[in-house]
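Here is a short note to read beside the model, arranged as numbered points. Please keep the structure open as you go.

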Amino acid sequence: MIQIGGMILVMVGAAATPYVQKALTKIQSKGQGKAKIKKIKNAALNNNMLEEVESHSELAITAEEERHRLRFLLTTGTMGIAVMAQTSFLWLTPISYLLIGYFSANIFKEAITALFQEKKIKVDILDTGVILLTLMFGQIGAAAFMVWILDLADMLLQKTTKKSKKYIADIFGEQPRFAWLLVDGAEVQTEVKDLKKGDIVVVSTGESIPVDGVITEGGAMIDQQSLTGESTPADKQEDEHVFASTVIVAGKINVKVEETGKNTLASQVISIINEASSYDVKLQSVGEKMADKMVIPTMGLGAMGYATTGSGALLAIMNADYGTGIRVAAPIALLASLGNAAKNGILIKHSEVVEKLKDIDVVLFDKTGTLTSEIPTVSRIVTVDESYKEEKILFYTATAEQKFSHPIAAAILQKAKDENIELAKYNDSHYNVGLGIDVKIEGNWIKVGSSRYMEREGITIPPSIKSALKDTGSRGQSAILTAIDNKVAGMIELKSTIRDEAEDVIADLRSHGIKEIVLISGDHDAPTKELAHQLNIDRYFAGVLPNEKADYVKLLQDEGKKVMMVGDGINDSAALSHADIGVSLKGASTIAVDVADVIFMDGSLTKFHYLFEVADNLQKNVKRSFLMIAIPNTVCIVGAFMGVFGLKASLVLNNGFNLIAAANGMLPYTEKNTKEEELSKDKDKLKNHIKYEDKLPEEKRLLH
């Protein structure tokens with residue numbers, strides 16, 4: 001009768017939950033009301049709507065933390081009351097049942113939702129069963145302990161989620177509040193939030209760049225590890241882009257502001273990772289799947305224990321479930337893994353990527369800009385006859401191209417630089433889009449462009465050049481012609497170059513279990529086949545238009561394969577979105593619009609090794625956590641069947657090792673990054689060997 005009355009009180013306590021929570025919320029809101037009003041008023045006075053939004057967000061986080069803390073204190077008190085009721089103070093028994101019912105309401109609700117709405121067997125059903133069974137057999141202390149330990153796990157996950165987001169934000173360093181704005185030649189200290197697009201800010205050695213922008217003057221060695229994972233500082237000069245949250249190791253630069261605040265690349269990265277991590281925690285993580293699978297076996301073992309040994313074995317076995325601990329440990333490990341990947345220049349936009357990686361069969365590489373460099377190289381220079389020297393053709397062509405930044409111009413200018421050819425200056429020029437350039441150099445009219453351009457201009461292409469063009473085309477390479485005073489003087493042949501790391505990366509992918517490497521290209525068959533042969537690639541598709549690449553992804557998927565597509569960003573967007581995992585090498589330039597699941601921030605193929613390492617380490621961590629839970633629980637179940645272990649031993653073993661497993665999930669936070677050590681050494685070397693002429697004035701250092 002006592003148990004029946006107790007169960008009724010449990011139901012009453014659970015039913016009263018919404019009303020009690022409403023009352024508690026009302027009391028809590030009164031305490032926070034003044035602070036809330038003050039923050040919003042301050043935001044309004046500052047005319048800063050973003051600050052107002054952030055103040056609401058901060059209050060929401062604080063309220064959630066306070067709710068968890070208060071609930072944990074109350075469940076701790078409930079456990080104490082329940083133990084007292086079970087041992088000495090019987091009059092506390094009804095109060096214990098009411099409190100347990102109240103604090104179990106959420107667990108009961110999740111179980112009912114899973115069973116009747118989702119029609120799934122989930123771990124919440126097992127938790128509910130354990131609580132109800134312990135109450136039915138009069139073990140109210142154990143029931144209260146069960147509620148308390150679940151609250152502790154919930155609070156631990158909430159705190160770790162917050163810690164993970166802080167950890168990710170810390171990767172990019174503390175955002176500077178002030179910047180040195182250049183006004184009429186003088187540096188004026190200005191709040192970063194007041195900067196506008198087009199402003200010029202001055203950043204010196206040791207300072208963090210406060211904005212995304214372009215260098216207009218000066219040069220610097222910049223630590224970009226927070227964004228790209230590069231272990232050594234990058235040399236940045238005029239007209240190159242720099243990003244907020246990166247740090248100047250040596251030098252001084254003037255930066256033209258392009259983006260500030262939440263629009264900067266660093267802020268976008270933080271936002272994307274936080275969304276990815278929140279997504280996985282809200283939905284079903286790998287740990288939850290594992291936990292749910294263990295519900296029916298645990299119930300079956302419990303029934304067998306009751307039939308063979310009695311109620312003590314039933315309670316011990318039901319409590320010794322394999323899932324509750326892993327449900328907390330796995331998401332914790334995942335959050336830490338996402339942060340560590342970002343620390344190494346890998347932006348994982350969707351957290352399920354780390355689970356999908358182990359199932360990938362095929363890696364499909366786009367050729368241009370992925371396995372080959374975007375900028376080609378000059379393979380040969382052909383002159384029409386002996387009256388023209390190769391140096392002369394290169395001089396005129398490079399001079400004509402020097403004001404352009406497309407890949408062909410870059411290749412020719414690099415060749416001229418390698419040959420120490422000094423270029424001339426010119427003012428009179430005309431550019432025909434997609435065809436060629438018409439420019440006057442040292443009194444001669446120079447035309448540089450395709451054979452089609454020469455024909456359009458009425459310039460005859462000599463037989464020797466036609467023959468060279470045919471040979472170039474048969475090898476899948478390209479060429480541009482140079483005409484001097486309306487006569488073709490020669491041609492420059494260009495070929496694509498394989499990335500230095502391509503061969504090693506393909507071998508590394510195979511070592512990670514990738515069964516097939518495929519190449520796709522818009523180029524002719526000959527050069528695509530040659531590249532596939534050079535890199536030992538299994539299959540290739542040539543002459544594919546950009547809009548057709550997605551069809552080839554589907555073709556591979558129709559063969560029953562899981563496909564990872566590797567492209568250079570927006571140009572391959574359709575194929576990247578159709579692939580099981582899309583990887584972009586375009587990096588920082590397209591992060592806001594890139595459809596890829598993963599972005600390598602520095603555009604290097606070598607990031608593949610660490611991407612697979614992140615996934616492998618996560619799997620190992622989750623398996624290790626599961627073993628930490630499975631072994632003691634198995635011992636407990638066997639002991640329960642033998643009549644050695646009862647409910648108390650089960651509570652200690654199960655929940656003790658659940659907490660140890662949760663601690664194991666946090667291990668990725670403590671992983672030492674070797675790249676950090678290398679970067680630290682590089683910084684020390686630079687500081688020891690470089691004499692800075694542009695050190696900060698004393699008052700400027702004090703302000704920072």
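1. How many cavities of 30 Å³ or more does a search of the whole structure find? The search finds three, where a cavity is a set of points on a 1 Å grid over the protein atoms alone at which a 1.4 Å probe fits but cannot get out. This is a predicted model, in which local features need pLDDT of at least 70 and side-chain atom pairs count only at pLDDT 80 or more, while totals for chains, interfaces and linings use all residues. Residues are numbered from 1 along each chain as its sequence is written, and side-chain values use heavy atoms, with hydrogens and water left out.

2. The largest cavity holds about 100 Å³ of space, a volume being the space filled by probe spheres set on the grid points. Its lining residues (those with an atom within 4 Å of a point) include I149, T324, V328 and N658. Two or more lining residues come from each of α6 (140–171), α12 (324–343) and α24 (647–665), helices here being DSSP runs of H or I with at least four residues, numbered from the N terminus.

3. Among these elements, α12 has 20 residues and reaches 30 Å from its first C-alpha to its last, close to the 28 Å expected at 1.5 Å a residue, where the expected span is 1.5 Å times one less than the number of residues. In α12, 20 of 20 residues are buried, that is, under 20% relative accessible area with a 1.4 Å probe and protein chains only. After α12 comes G345, with a positive phi near 80 degrees.

Key: On a 1 Å grid over the protein atoms alone, a cavity is a set of points where a 1.4 Å probe fits but cannot get out, and a pocket is an open set with protein on both sides within 12 Å along at least five of seven lines; lining residues have an atom within 4 Å of a point. Buried means under 20% relative accessible area, exposed over 50%, partly exposed in between (1.4 Å probe, protein chains only).
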